[in-house]
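Hi,

Here is the structure I promised to pass on. Have a look at it first, and then read my notes below.

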Amino acid sequence: ARPAASSLALLTRKPPPRKPLPEVALRPGAQRVVLPIQTRHQVCNPSIMARSEGGYLCIVRGANYNLDQGHAFFYGSRRTRLPDTQSYLMRLSPDLAVEAVCFVEDRHLRAEEPALDGIEDYRLFRWQGATWVLGTARNATAQTNVMVLARLEGHVLEGARFLPSPLGAREEKNWTPVVVDGALHVIYSHHPLRVYRVEAAGLVLVSQTDAPDLERCSGGSCALALPGGGWRSVVHRYESVRDWRWRAYEHLVVDYGPDHSVARISRPFRFEFDGVEFCAGLAQAPGGVVLSYGVKDNRALLVRLRDADIEALFG
């Protein structure tokens, strides 16, 4: 049987012309690392954090779909209508080689209604002398995403709490965790720039300012403290070209001041692909940083950039 005409058009059409943006993972001097596939799930959207004893921790998302096949979900021996996420914890050496891999144990959280279909796109960060993650719990049937915060004890999520939307939204994702004076904050949105503090009773709004230069931007990486105060993160924005299968992403490095204001914004860049890219991690490295990113929801990668490379983006 021949494919339907609509399917044939999807298979044969070409992506739109590439936009002239710097491709930071392909520039001379960059160290680009492809993280290995662990199961049948596609790997994507890794987060990374420097370890105090040296090397790095990395969490990689495994997703049961393929964007090239129009979100054709699979599970076991047959296809399914629902998404599923399984995450892998990787220990990396200082030169970004994979030393050990295991599953992130989240099955106890999957028993909770908000997380029946797993937890997507963790961000790794240090807080209160421990390793923490902030991700988005998925219930595809209810069409909800709820943020979840948990400690990572070994490979097990402990002390988890779900964080309802401060605005009552059914779907929340991509909050940026920031530790300020020992207290956990999250960058909730960028236009306006809203920052909340996480307290036992819930989220407390600490600042809301206009940031027109970050219009349409969403959170991406975790945040790194800057010398002299403030912090740095990577954000993204996209435009849909023809339809959702041809989203073109671009990224920006943003430096924030100690008062939660925007201090400076880099020029837009991509990592290596004029399409779906997503940066969920930013870690300090000797003489530079390591960024972790996914491509097309089927590749998980790292790139080490020098401080001069980052500064060049602000030039």
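**What I found**

Searching the whole structure turns up zero disulfides. Keep in mind that this is a predicted model.

Cys102 itself is partly exposed, at 33% relative accessibility. Cys279 is buried, with a relative accessible area of 1%.

Next, the charged residues. Side chains of opposite charge can pair when their charged atoms come close. The count here comes to 21 salt bridges. A few to look up:

- Arg138 and Glu120 meet through their side chains, at 2.8 Å from N to O. This pair links distant parts of the chain, with Arg138 in strand E9 (residues 130-139) and Glu120 in strand E8 (residues 119-127), 18 residues apart. Arg138 is partly exposed at 22% relative accessible area, whereas Glu120 is buried at 3%. Salt bridges with shared partners join Arg61, Glu120, Asp121 and Arg138 into one network.
- Arg91 forms a salt bridge with Glu99, and their closest N and O atoms are 3.3 Å apart. Arg91 is partly exposed, with a relative accessible area of 35%, and Glu99 also counts as partly exposed, at 45%.
- Arg270 and Asp274 form a salt bridge between their side chains, at 3.4 Å from N to O. Are these two buried or exposed? Both are buried.

Now go to Asn64, in the loop between strand E3 (56-63) and strand E4 (74-75). Although Asn64 sits in a loop, Asn64 is buried, with a relative accessible area of 0%.

Last stop: helix H3, residues 307-314. Which of the residues in H3 are buried? They are Asp309, Ile310, Leu313 and Phe314. These four cover an arc of only 150° around the axis, so they are on the same side of H3.

Cheers

How values were computed. Residues are numbered from 1 along each chain as its sequence is written. This is a predicted model: local features need pLDDT of at least 70, side-chain atom pairs count only at pLDDT 80 or more; totals for chains, interfaces and linings use all residues. Side-chain values use heavy atoms; hydrogens and water are left out. Buried means under 20% relative accessible area, exposed over 50%, partly exposed in between (1.4 Å probe, protein chains only). Helices (H or I, at least four residues) and strands (E, at least two) are DSSP runs, numbered from the N terminus. The arc is that of the directions from the helix axis to the C-beta atoms. A disulfide is a pair of cysteine sulfur atoms within 2.5 Å. A salt bridge is a side-chain nitrogen of Lys or Arg within 4 Å of a carboxyl oxygen of Asp or Glu.
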